[in-house]
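Work through the exercises below with the sequence and the 3D view open. Try each task before reading its solution.

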Amino acid sequence: MTTTSRLLTLLSLLQARRDWPGAVLAARLEVSDRTVRRDIDRLREMGYRIHASLGPDGGYRLDAGSELPPLLFDEDQTVAVALALQSAPAVGAGIGEAAIRALATIRQVMPSRLRHRLDALEITTVGRPGDAAPPDVPLEVLVMLADAIRDRQTLRFDYVRGDDDSGADGGAVPPRRAEPHHLVAAGGRWYLVGWDLDRDDWRLYRVDRVHPRIPHGPRFDRRAVPGGDVDAFVSARFRGSDVDAWPCRGTVVVHLPARRVRPFAGDGTVTAVDDATCRLEAGSWSWMALAASFGRFDAPMEVVGPPELADAFAALADRYARAGSNRRRRQAPASQAR
């Protein structure tokens with residue numbers, strides 16, 4: 001093994017776990033303890049901060065440094081980092097240009113076989129039709145919130161209310177005080193999960209509306225998010241519920257083949273009845289919204305249940321009938337109106 005390859009192997013070992021006894025490193029590299037010490041000194045000259053402990057159980061630890069030295073990734077890690085950088089512009093964190101430059105740097109030093117793998121996995125991130133562009137979130141704000149979450153420091157911030165509060169808490173009286181719990185990226189937006197100290201409840205804040213105040217407040221003891229699962233909690237809040245389930249669920253029989261309904265059923269469940277009919281069970285935040293969502297299928301249907309869904313269909317039909325009648329009256333000639 002050459003000195004260069006041995007140094008790379010040594011660096012890889014130091015990155016793989018926190019502490020390494022010197023004798024174990026020497027055995028893994030098949031060299032003497034003295035050679036390990038010399039290689040450690042070479043890595044230090046390259047900018048790596050490696051702490052050495054003395055004694056019979058002494059060893060080495062790779063510490064974080066004040067500067068970023070060269071990093072060592074295996075092939076899968078390299079491809080994973082490159083794919084993450086390609087996806088970075090879609091998260092709205094104000095790092096699109098930096099991500100592109102970082103990707104170009106990594107690609108330049110990749111072996112040809114890895115470049116071919118990356119080229120085959122090239123991706124383009126696009127939003128759904130009608131989606132607004134992700135709001136720009138300053139990277140320094142994300143880092144500040146992440147630091148407060150890590151250090152368990154109470155946040156003080158102004159929260160700007162917007163016209164669309166979908167999924168986020170709509171309070172607008174600054175300053176807010178919250179115990180930050182988690183950062184979440186969903187649908188091109190960043191959200192902060194936190195315990196609002198003034199409202200004594202959990203809240204979901206849109207990060208593009210958060211303007212932190214300095215200094216932060218006192219440290220706090222971390223609370224458990226409802227249900228213990230951040231993903232389920234956030235999904236529930238997006239559905240207008242405290243649990244990860246729609247508050248209103250119902251079933252209809254649609255006179256269409258299951259294969260034609262299934263692609264547009266969202267998170268609903270489609271079960272074939274026969275070749276021309278299927279059952280569709282789905283949920284929504286209200287019975288009227290659920291009935292309207294079923295109406296997107298241009299086909300006859302019958303309500304299986306519950307009764308609240310049937311009532312919502314009737315109310316919706318009456319509302320649509322009145323809307324159509326009003327339009328016909330406005331379009332009628334003046335003579336007919338008399």
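**Exercise 1.** Decide whether Cys248 is buried or exposed in this predicted model.

Solution. Step 1: take the relative accessibility of Cys248, which is 9%. Step 2: compare this with the cut-off, since buried means under 20% relative accessible area. Step 3: Cys248 therefore counts as buried. Cys278 is handled in the same way: its relative accessibility is 0%, so Cys278 counts as buried.

**Exercise 2.** State how many disulfides the structure holds.

Solution. Step 1: recall that a disulfide is a covalent bond between the sulfur atoms of two cysteines. Step 2: look for cysteine sulfur atoms within 2.5 Å of each other. Step 3: the count of disulfides is zero.

**Exercise 3.** Describe how strands β10 and β11 are joined.

Solution. Step 1: locate β10 at residues 269–274 and β11 at residues 277–284. Step 2: the two strands run antiparallel, with five bridges between them. Step 3: pick out Thr269, which has Glu281 of β11 opposite. Step 4: follow the chain from β10 to β11 through a hairpin of two residues.

**Exercise 4.** Find which side of helix α3 is buried, and what covers that side.

Solution. Step 1: α3 covers residues 33–45. Step 2: its buried residues include Thr35, Val36, Asp39, Ile40 and Leu43. Step 3: these residues lie on the same side of α3, because their arc around the axis is only 140 degrees. Step 4: the face turned away from the buried side carries Arg34 and Glu45, which are exposed. Step 5: the cover over the buried residues includes α1, α2, β2 and β3.

Definitions and conventions. Residues are numbered from 1 along each chain as its sequence is written. This is a predicted model: local features need pLDDT of at least 70, side-chain atom pairs count only at pLDDT 80 or more; totals for chains, interfaces and linings use all residues. Side-chain values use heavy atoms; hydrogens and water are left out. Two strands pair if DSSP finds at least two bridges between them. Helices (H or I, at least four residues) and strands (E, at least two) are DSSP runs, numbered from the N terminus. Buried means under 20% relative accessible area, exposed over 50%, partly exposed in between (1.4 Å probe, protein chains only). The expected span of a helix is 1.5 Å times one less than its number of residues. The arc is that of the directions from the helix axis to the C-beta atoms. Contact means heavy atoms within 4.5 Å.
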